[in-house]
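Trainee: I would like to learn how to read a model like this one. Please take me through it feature by feature.

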Amino acid sequence: MQIPSIKEARVRTKKETKMDVYKIHDNFKNIGIGKTYFIKTYGCQMNEHDSENIKAMLEEMSFKENMVMEKADLVILNTCAIRENAHNKAFGMLGRLKHLKEENPKLIVGLCGCMAQEESVIKEIQDKYKWVDIVFGTHNLDRLPEILVNSFHNPKTEIEVYSIEGNIVENIPVKRENPYKAWVNIMYGCDKFCTYCIVPFTRGKQRSRKPEFIINEVKKLIKDGFKEVTLLGQNVNAYGKDLDINYDMANLLKDTAETGIERIRFVTSHPWDFNDNMIDVISKYPNIMPYIHLPLQSGSNRVLKLMGRRYTKEQYLELYQKIKAKIPNCSITTDIIVGFPGEAEEDFEETIDVVNKCQFDSAFTFIFSKREGTPAALMKDDVPLRDKEKRLYRLNELINKYSKEKNDTYLHKIVPVLIEGKSEKDEQYLMGYTDTMKLVNVKAPHEYIGKIVNVKITDVKTWSMDGEIVK
Ligand code: SAH
Ligand code: SF4
Ligand code: F3S
């Protein structure tokens, strides 16, 4: 048993990140014969991508995917710790699984992801969810086969979570969910320590993958027919800073663009490390999409300081203008937190002011959620819930107004769309995204799936558009 410690997780060592190569032991390859698995994923793209790795590892062990949780022999919850409600959802699901396990004692239940990295969650599982079979963390995903096998001989919960990150493990197999768009990890962890955020504790020190591994992965994806890659990291602009070569995100974007892959996206950008070279590269290469997710968090300099974001409202606006000037059709989206400890009405007005100035294409908005172990958890959370809710409501109204206005500018225009599959709204429609990341429903036959086509926008809503293919 190995249990995480939040105190240790805070530590940043100078230890050099080495590389391991994943290989499954032959003895494990038949373990899942005749059995099925179901994975429920919470949280960000990184977790989605980790689940793609978990699925492939399980399939190497001969398990098959089951889309119905109630019928699976192994259920894994890949959890997120970013806000309280993410926690509640996972614990709620564990409650449901308890009933399933009562009906089928052979069911194996696993929990992994960011919540597994939290000391308090592990305690709760040991106290109240003793029937959970395996728990593993974000740093030892690759150990899943061993951990699963070990649990067969352990009547108690098999827990193996490391507090401190290990080496980067290359060659973990992956079962990609989408045949046209692929996620590619470029770095792990985060060293920014924004005061509200749990991620530096759950994902560890920033570790960049070596450029050649990333580029080779992209080249292989092209061969396999993929049209789009999204380079993933918690703050991708800091890519390379931990490598001992002179190579940064601008270099990586350029080299990725030169592989010839049709579309490149990247998330998430921290405004702090966004340099001019990056803007130049994005504007120069047509296969780097004109879409940037640039989290603001707050428009108030006082709150930004308390959040440890290390930029001011003015610096954010300057960066925003620079991006818009060099990449004129660029769509920019953001994340905003309301009700941070000490956020006064005037601070919130500053946020509104930035939203009015930037008129974002869209935004994810959140009420501050206290995360144990983070510096902000010790700050006095003095904004009444009613005020937080009012601010969120007002902010969302404004965000939606600008989203609709931005979408309106697309009406009757012809835009490139990567058609991904059937639309949820209507059998006769397909769906896809523009280069600027707008969701478009297109009335077209199925043979267009997997192609990038020109679409004329015929109708516009707040969160999507309709269009028809231009031949
Ligand atoms: N690495 C990304 C953010 C990942 S978390 C970045 O720095 O931009 C995604 C979003 O969740 C954050 O941008 C923030 O807006 C929100 N978030 C993070 N911690 C939060 C908390 N404790 N309460 C509310 N929202 C939070
Ligand atoms: Fe969290 Fe800040 Fe790191 Fe983003 S940059 S993951 S908000 S600590
Ligand atoms: Fe959640 Fe972990 Fe991602 S906390 S947002 S799943 S990095």
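This is a predicted model: local features need pLDDT of at least 70, side-chain atom pairs count only at pLDDT 80 or more; totals for chains, interfaces and linings use all residues.

Trainee: How do I read a ligand shell, and which residues come nearest to ligand 1?

Mentor: A residue is near a molecule or strand if one of its heavy atoms lies within 4 Å of it. Ligand 1 has 15 residues around it, and Q234, P295, Q297, D335 and S369 come nearest. For classes, Ala, Val, Leu, Ile, Met, Phe, Trp, Tyr, Cys and Pro count as nonpolar, Asp, Glu, Lys and Arg as charged, and the others, Gly among them, as polar. On that basis the shell around ligand 1 has seven nonpolar, four polar and four charged residues. Helices (H or I, at least four residues) and strands (E, at least two) are DSSP runs, numbered from the N terminus. Strand 15 (331-338) and strand 16 (362-367) each supply at least two residues of this shell.

Trainee: Which polar side-chain atoms lie by an oxygen atom of ligand 1?

Mentor: A polar contact is a pair of N or O atoms within 3.5 Å; within protein, one must be able to donate a hydrogen and the other to accept it, and residues adjacent in sequence count only if both atoms are side-chain atoms. Here a polar side-chain atom of D335 is 2.6 Å from an oxygen atom of ligand 1, and one of Q297 is 2.7 Å from an oxygen atom of ligand 1. The backbone takes part too: a polar backbone atom of Y196 lies 3.0 Å from a nitrogen atom of the ligand. Ligand 1 taken alone exposes 540 Å², of which the protein buries 90%. Such accessible areas come from the Shrake-Rupley method with a 1.4 Å probe; for residues, only the protein chains shown count as cover.

Trainee: Which residues are around ligand 2?

Mentor: They are C190, K192, F193, C194, Y196, C197, V199, P200, Q234, H270 and R309. By class, seven are nonpolar, two polar and two charged.

Trainee: Is H270 buried or exposed?

Mentor: Buried means under 20% relative accessible area, exposed over 50%, and partly exposed in between (1.4 Å probe, protein chains only). H270 is buried, because its relative accessible area is 4%. H270 sits in the loop between strand 13 and helix 9, and its side chain makes a polar contact of 3.5 Å with the side chain of R309. Contact means heavy atoms within 4.5 Å. Not counting residues up to four places away in sequence, H270 touches K192, C194, N235, N237, R309 and Y311.

Trainee: And what should I check in the backbone?

Mentor: Look at phi and omega. F193 has a positive phi of about 50 degrees although it is not a glycine. F193 lies in the loop between strand 10 (187-188) and helix 6 (199-202), and it counts as partly exposed because its relative accessibility is 26%. S62, also not a glycine, has a positive phi of about 80 degrees; S62 is in the loop between helix 2 (45-60) and strand 3 (64-65). The peptide bond from V267 to T268 is cis, with omega near 0 degrees. T268 belongs to the loop between strand 13 (263-267) and helix 9 (276-284).

Trainee: How do I read a sheet, and in what order do its six strands come?

Mentor: Two strands pair if DSSP finds at least two bridges between them. The six strands form an open sheet in the order 3-2-4-5-6-7, with parallel pairing. Strand 3 and strand 7 (158-160) are at the edges with a single partner strand each, so one side of each has no neighbour in the sheet. Within the sheet, strand 4 (residues 74-79) and strand 5 (residues 108-113) run parallel and are joined by six bridges; L74 stands opposite I108 in strand 5.

Trainee: What does strand 21 pair with?

Mentor: Strand 19 (residues 439-443) runs parallel to strand 21, with three bridges between them, and V440 stands opposite M465. Strand 20 (residues 452-460) pairs with strand 21 in the antiparallel sense over five bridges, D459 standing opposite D466. A hairpin of four residues joins strand 20 to strand 21. In strand 21 (residues 465-469), four of the five residues are buried.

Methods:
Residues are numbered from 1 along each chain as its sequence is written. Chains are lettered from A and ligands numbered from 1 in the order in which they are written. Side-chain values use heavy atoms; hydrogens and water are left out.
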